[in-house]
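Biologist: Please put the model on screen. I would like to go through its strands, salt bridges and surface charge, one question at a time.

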Amino acid sequence: MYVVVFTYLGFGIGIIFGYLRDFMRSWGLERCHLAAEREEQKDFVPLYQDFENFYTRNLYMRIRGNWNRPICSVPGPQFDLMERVTDDYNWTFRFTGRSIKDVINMGSYNYLGFAETDANALKTVANVLQSYGTGVCSTRQEMGNIDKHVELENLVARFLDVEAAMVFGMGFATNSMNIPALVGKGCLILSDELNHTSLVLGARLSGATIRVFKHNNMQSLEKLLTDAIAHGQPRSHRAWKKILILVEGIYSMEGSIVRLPEIVTLKKRYKAYLYLDEAHSIGAVGPTGRGVVEYFGMDPEDVDVLMGTFTKSFGAAGGYIAGKKELVDFLRTHSHSAVYATSMCPPVAEQIIRAMKCVMGLDGTTQGLQRVRQLSENTRYFRKRLHEMGFIVYGNDDSPVVPLLLYMPAKLGAFSRLMLDKNIGVVVVGFPATPIGESRARFCVSASHTREMLDTVLNALDELGDFLQLKYSRHSRSSRPELYDETSFSLED
């Protein structure tokens, strides 16, 4: 309880001082560094919401230096960071010309370690760059459909064991531009409350009615389904044209894995469609890296629309939609992304082909399978050690996304700065990206992390956990578990 009280107290004190500083700025007692409207625009309708501006200039600005740090190397298990300093309390930054070398990267989505610069591994990518150039400069329906796209789509369909697949140049647009092609007015979307912004945007752009169910809560989802079928559309009470359930494989802020078997059971029972976003799960979970469908041992045909991205496990860019051939053929004609967006550039397509063939073992090695197994081993080891230390960690034990709860806003900035002082790069997340009382650090484990790197990070976390008092868990495991392995105890006289 005291953690919750001090968290809200911290925000309260920040808001009070924010209003005080705004008062001083209005009277010219303190300089305002933000852009201001011209005098002749004072009577215009405000372009931004007032509280958003207030939050940005008075709370976010205090810890702004913990975000948007520019790196100057490949985002592998370690990277180099451009050093920057501020002379006006984070309003502006200047670069010193120096770089911070060999920072352990605990923030990138490089799950299988394919974001690399090894010349031998990237030989085929370099050849494609030489042959095709950097860009296509056209859409898929015009002059932008090249043989590399066809090869990649066939490979994705084979990898997922489905009839067909279509690839897109941007992962975010794969959701936001394709959902409106699948549903529209008169349709119902049932969306998990913690779905990614791309899913939320796509749902809103579709014009369909949206109802939200509690995160991974099957009772909440089933109630919405039964109500939708019993009552139909508002006012007219006609049956919905379609009911589409939107979920993610791994939720990127929670580290939780979707309860796919139960959702598939519900969607079959109530004749709904299922859209599964595997952006963070494809390549990262499952015995051979084929995502949550394989993780639960299910048939890919149980999911109507399989979506995923290449920006994480495959070290590239873009996304895919996969499923039945009729679905993919429909999207080739009706998807805004297919009709208007520029095609995926050939070197990126080749990078995905290279990585996917490695995972599938089509390159003649077992290196891809070894990466999948190493990621699973690293994930379980890292999570287990954090639990033993007494931290509160969200998510599933097999999820490489590891949120560690910090709670208090002041500890958010302190944690990030102190970790960087120890040459460890972390991502910290606070309100409004998370609930106001659940600020956190989000670690992303990679197959390319060595045990020594993970131990270095864990030792730093153990030290900072004591210094910043972050070990909130009441259920931490004993530091000497061997004492509890005995089957009987006897009292000494």
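Modeller: One definition comes before the strands: two strands pair if DSSP finds at least two bridges between them. Keep in mind that this is a predicted model.

Biologist: Which residue in strand 9 is the bridge partner of Leu306?

Modeller: Strand 8 (305-309) is joined to strand 9 (residues 319-323) by 4 bridges, and the two run antiparallel. At least two bridges are needed for a pair. Within strand 9, the partner of Leu306 is Ala322.

Biologist: In which sense do strand 7 and strand 8 pair, and over how many bridges?

Modeller: Leu306 of strand 8 is also the bridge partner of Leu276. Strand 7 covers residues 273-277. Its pairing with strand 8 is parallel, over 3 bridges.

Biologist: Why is strand 8 described as largely enclosed by the rest of the structure?

Modeller: In a regular strand, side chains alternate between the two faces of the sheet. In strand 8, Val305, Met307 and Thr309 point one way, while Leu306 and Gly308 point the other way, and all are buried. Buried means under 20% relative accessible area. Strand 8 is largely enclosed because the buried residues number 5 of the 5.

Biologist: How many salt bridges does the count come to?

Modeller: The rule asks for a side-chain nitrogen of Lys or Arg within 4 Å of a carboxyl oxygen of Asp or Glu. Arg25 and Glu30 qualify at 3.5 Å, N to O. By this rule the count is 28.

Biologist: How many residues apart are Arg57 and Asp22?

Modeller: The closest N and O atoms of this salt bridge lie 2.8 Å apart. Both Arg57 and Asp22 are buried. Arg57 is in helix 2 (residues 50-58) and Asp22 in helix 1 (residues 2-26), so the pair links distant parts of the chain, at a separation of 35 residues.

Biologist: Which residues are linked with Arg57 in a network of salt bridges?

Modeller: Arg25 forms a salt bridge with Glu30 and counts as buried, because its relative accessibility is 11%. Arg57 forms one with Asp22. The residues linked with Arg57 in the network are Arg21, Asp22, Arg25 and Glu30.

Biologist: Are Glu350 and Lys148 buried or exposed?

Modeller: Their side chains meet in a salt bridge at 2.8 Å, N to O. Glu350 lies in helix 13 (residues 346-360) and Lys148 in helix 4 (residues 147-160), 202 residues apart. Since Glu350 has a relative accessible area of 7% and Lys148 one of 13%, both are buried.

Biologist: Is Glu301 buried or exposed?

Modeller: Glu301 sits in the loop between helix 10 (291-295) and strand 8. Along with Asp161, Glu163, Asp299 and Glu326, Glu301 belongs to a patch of negative charge on the surface. Because its relative accessibility is 56%, Glu301 counts as exposed.

Note on methods: Residues are numbered from 1 along each chain as its sequence is written. This is a predicted model: local features need pLDDT of at least 70, side-chain atom pairs count only at pLDDT 80 or more; totals for chains, interfaces and linings use all residues. Side-chain values use heavy atoms; hydrogens and water are left out. Patches are made of residues with over 30% relative accessible area and no salt bridge: like charges are joined within 9 Å, nonpolar side chains (Val, Leu, Ile, Met, Phe, Trp, Tyr) within 5 Å. Accessible areas come from the Shrake-Rupley method with a 1.4 Å probe; for residues, only the protein chains shown count as cover. Lys and Arg count as positive and Asp and Glu as negative; His and the chain ends are not counted. The place of a charge is taken as NZ of Lys, CZ of Arg, CG of Asp or CD of Glu. Buried means under 20% relative accessible area, exposed over 50%, partly exposed in between (1.4 Å probe, protein chains only).
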